[in-house]
2 protein chains.
Amino acid sequence: MTTTPTPRPGGRSARIQAAVHQAVQELQQEQGRAGLTVPAIAKRAEVTPSTIYRRWGDLSQLLADVAIEQLQPEQPPADTGSLRSDLLTWLVEYFEEMSSAPGRAMLRDVLGTQDHACAGKCDGLLRQQIEVINERALARGEQPIDIGLVTQIVVAPLMYRILFANETPTTQAIEALLEPLVSSADG
Amino acid sequence: MTTTPTPRPGGRSARIQAAVHQAVQELQQEQGRAGLTVPAIAKRAEVTPSTIYRRWGDLSQLLADVAIEQLQPEQPPADTGSLRSDLLTWLVEYFEEMSSAPGRAMLRDVLGTQDHACAGKCDGLLRQQIEVINERALARGEQPIDIGLVTQIVVAPLMYRILFANETPTTQAIEALLEPLVSSADG
DNA sequence: ACCACTAAAGCAAATATTTTGCTTTAGTGG
DNA sequence: CCACTAAAGCAAAATATTTGCTTTAGTGGT
């Protein structure tokens, strides 16, 4: 039998990671990007800077890591009675978050890092959430929606506007993109 | 009468900027992102590091600036006889560039920087190119295409795949997205 | 419960980078 | 040709990053 599936999942690593992540979030809130330096984060987390450098490589990778954690949904999408409105409600909230200043900072961190897998996780989380909405729809007897189609038709254009046109999508804009996809059931 | 529309457009600024930009491109090619530090760039450009820090602020803003310059098309889109094929040809080339390693690095630089206007320029350049294709179509008597629709239906989904799914769009994928938009004239 | 093992953290010295105050250079308008 | 000034150079100071070595604290075996 092989051992240690993850090298050392023990309590210390986790504790340090939590302390560092929390320090990043606190400093980010208190002083924005300006106060975010590795030494400052290390000090707040009561950790040595070299710990951060050795574990995360550099500031941008640490920030990307924290950003991904923050993207992790705290609650599953709200159940509003139908797939159509679940999806709309969730998308509106998602893009509100993404186009806010902190959301944009998170996107910058995630897209600006070398870490290849990072942006992929972002897409993965989105799909997971839509999956939950789909499962609920299925349980209601509704037809689930093609997740790839949602990202292609709704998510991608909105993300493009946020990233490249510096726009903030309105609820109406989201609705307009979503409508053609859900024009089967509901009202 | 007011004077000096731009503060000091004179030869020195331009010379220094050109030297620094060139130094970035050379080092990037020779050693990838690893060899790209402000001191290294300064040395190659025969310039003082403080010049770079004072003009560009930091490395990421300099890289974003260079990336935007590299995005500047060297030639207008090829004239292939019809709007449909002009557009397809150009888009295939554009996304080939964007999904290559250097293209992805450029996107990271552009999207990862604080400089707000930077990603906007990227969108602006794209629109300009499609505009040229449109004008040529118009001259041929063809119906021009809605640029906003092209970015929404074709560009945004492809960009999303590059950025968030780490995919490399195939010609077929591009064609499939473009087809519904140009299904009026041509063949 | 103890012990040997080792991944990961701490520490501190060595490097590298960024910032800053002041000086010098070189376009610009008169 | 001269006075003016934006921008570059220089060098010292402040910060941040890397690195070799030491210490700490989970892990598995007994």
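Contact here means heavy atoms within 4.5 Å. By that rule, 25 residues of chain A are in contact with 25 residues of chain B.

## Model and confidence

This is a predicted model, in which local features need pLDDT of at least 70, side-chain atom pairs count only at pLDDT 80 or more, and totals for chains, interfaces and linings use all residues. Residues are numbered from 1 along each chain as its sequence is written, chains are lettered from A and ligands numbered from 1 in the order in which they are written, and side-chain values use heavy atoms, with hydrogens and water left out.

The predictor's confidence in each residue is pLDDT, from 0 to 100. For chain A the average is 93, and 93% of the residues score at least 70. Residues 1-5 of chain A stay under 50, and the model gives them zero contacts beyond four places in sequence.

## Interface of chains A and B

About 2200 Å² is buried between chain A and chain B, with carbon and sulfur atoms giving 62% of that area. Buried area is the accessible area (1.4 Å probe) that two parts lose on being put together, summed over both. Across this interface there are zero salt bridges, a salt bridge being a side-chain nitrogen of Lys or Arg within 4 Å of a carboxyl oxygen of Asp or Glu.

Four residue pairs, both members at pLDDT 80 or more, are in polar contact across the interface. A polar contact is a pair of N or O atoms within 3.5 Å; within protein, one must be able to donate a hydrogen and the other to accept it, and residues adjacent in sequence count only if both atoms are side-chain atoms. On the side of chain A that touches chain B, two or more residues each come from α6 (101-112), α7 (117-140) and α8 (147-164). The largest share, 10 residues, is given by α8(A). Helices are DSSP runs (H or I, at least four residues), numbered from the N terminus.

## A:S99

A:S99 lies in helix α5 (residues 83-99) of chain A. With a relative accessible area of 9%, A:S99 is buried; buried means under 20%, exposed over 50%, and partly exposed in between (1.4 Å probe, protein chains only).

The side chain of A:S99 reaches the backbone oxygen of A:F95 at 2.5 Å. Beyond four places in sequence, the contacts of A:S99 are A:R104, A:I162, A:E167, A:T168 and A:P169. A:E167 is 68 residues away along the chain, with 7.8 Å between the C-alpha atoms.

## N166 in both chains

A:N166 sits in the loop between α8 and α9 (171-178) of chain A. Its phi is positive, about 55°, although A:N166 is not a glycine, and it is partly exposed at 36% relative accessibility.

In chain B, B:N166 is in the loop between α8 (147-164) and α9 (171-178). B:N166 has a positive phi near 55° and is partly exposed, with a relative accessible area of 36%.
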